[in-house]
Amino acid sequence: MAHDNLTPSPGYLEWLPIEYQDLVNLGPYNREKKPKVTDMGKFKEIIEEHPMCAGCAMTLFIRLAMIAFPNPEHTIIVGTAGCGRLAISQASIPFIYGNYGDTNSVASGLKRGLDQKYPNQPKDVVVMAGDGGLIDIGFQGLMHSWFRQERFTTIMLDNEVYGNTGGQESGMTAQGQVLKMAPRGKVTGKIDAMSLAKVAGVDYIARIAPTNPSRVARTIRRAVMIAREVGPTYIQAYTSCNIEYAIPTGDVMQDAFDMEKERYGFEEVISDKAKAYLDEIEKKPAKKAKK
Ligand SMILES: Cc1ncc(C[n+]2csc(CCOP(=O)(O)OP(=O)(O)O)c2C)c(N)n1
Ligand code: SF4
């Protein structure tokens, strides 16, 4: 949604809700300088209100993702059933609700269609769905979109549980984990989705916890830009469920730091093609020699 589309006819703005006025006057669209995560609190975010649980790390991650999108007015998010869509659908970015399990198939068709319709305007398609939605019921669509080299980004909001339906284990739950609906502990191990992405030839793969907002933003920007120009990209984000894992709200960030240290360290795997592209777009201008 470009700024022009948001802006109402002269005289109408003052009659619209304050939220909307803020988006027009203080939002991130079409500004000369795109706001950074360090500007949070100083501009109207694409999403600010949501009905997710207080302190949920997933919402922090979603906010950071939306700040990081390189071109929010030309971005379309594909989501599905699960906690994340409760916040994503409140954002001023087009959102398509795929059936549970269909996200990557919907995104494949959407991206191809957009490329046909707008050959001169890149449109970024980003799937944001839970670990259950992607690695369990959506597994087939996920893997095939990667093998087919579909050019969009998949972000797994990995809270290691089915949060929205009250605590079933998912393929991403760790072995032995006890949950409300896995009272004896999960028997099998966490699926290694990072390795699956490598085998499928995904061009940019990252595992990340939301401990460093600028790094989250850089990772998302890289993933979206590489998907635009090179090939499929995948981000696996630890976004704890404080309800099902009984993490007190005040300890959510400490848990993210602990998890990062124990088994969710930052990792980036970049194909040669993607590296060459990143070198091109992230090259800093040469410093002028001192006289
Ligand atoms: C086809 C289908 N099967 C089952 C459901 C019920 N359902 C809704 S949300 C959900 C689990 C969500 O878990 P996950 O994808 O891990 O996301 P989270 O809520 O943990 O963020 C399920 C099974 C559904 N909506 N559609
Ligand atoms: S149930 Fe868990 S993942 Fe869902 S909103 Fe609440 S804390 Fe977040």
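This is a predicted model: local features need pLDDT of at least 70, side-chain atom pairs count only at pLDDT 80 or more; totals for chains, interfaces and linings use all residues.
Ligand 1 has 19 residues around it, and the closest are Gly-82, Gly-130, Gly-132, Gly-163 and Asn-164. Among the elements that supply this shell, helix α6, residues 131-136, gives the most, with three residues. By class, the shell around ligand 1 consists of 12 polar residues, six nonpolar residues and one charged residue.

Around ligand 2 the shell includes the cysteines Cys-53, Cys-56, Cys-83 and Cys-241, together with Met-52, Met-58 and Ile-243. Asn-159, Gly-163, Asn-164, Asn-242 and Glu-244 also surround ligand 2. The classes here are seven nonpolar, four polar and one charged.

The largest nonpolar core holds 59 residues, and Phe-61, Ala-65 and Ile-155 have the most contacts inside it. Helix α3, which spans residues 57-68, contributes nine residues to this core, the most of any element. With neighbours within four places in sequence left aside, Ala-65 is in contact with Ile-155 and Ile-220.

Lys-33 lies in the loop that runs between α2 (18-26) and α3. Is Lys-33 buried or exposed? Lys-33 counts as exposed because it has 6 C-beta neighbours inside 10 Å, and the limit for that class is 12 or fewer. Lys-33 and Arg-222 are 189 residues apart along the chain, and 18 Å separates their C-alpha atoms.

Notes. Residues are numbered from 1 along each chain as its sequence is written. Chains are lettered from A and ligands numbered from 1 in the order in which they are written. A residue is near a molecule or strand if its C-beta atom, placed from the backbone, lies within 6 Å of it. Helices (H or I, at least four residues) and strands (E, at least two) are DSSP runs, numbered from the N terminus. Ala, Val, Leu, Ile, Met, Phe, Trp, Tyr, Cys and Pro count as nonpolar, Asp, Glu, Lys and Arg as charged, and the others, Gly among them, as polar. A nonpolar core is a set of buried Ala, Val, Leu, Ile, Met, Phe, Trp, Tyr and Cys residues joined through C-beta atoms within 7 Å. A residue is buried if 20 or more other C-beta atoms lie within 10 Å of its own, exposed if 12 or fewer, and partly exposed in between; C-beta atoms are placed from the backbone. Two residues are in contact if their C-beta atoms, placed from the backbone, lie within 7 Å.
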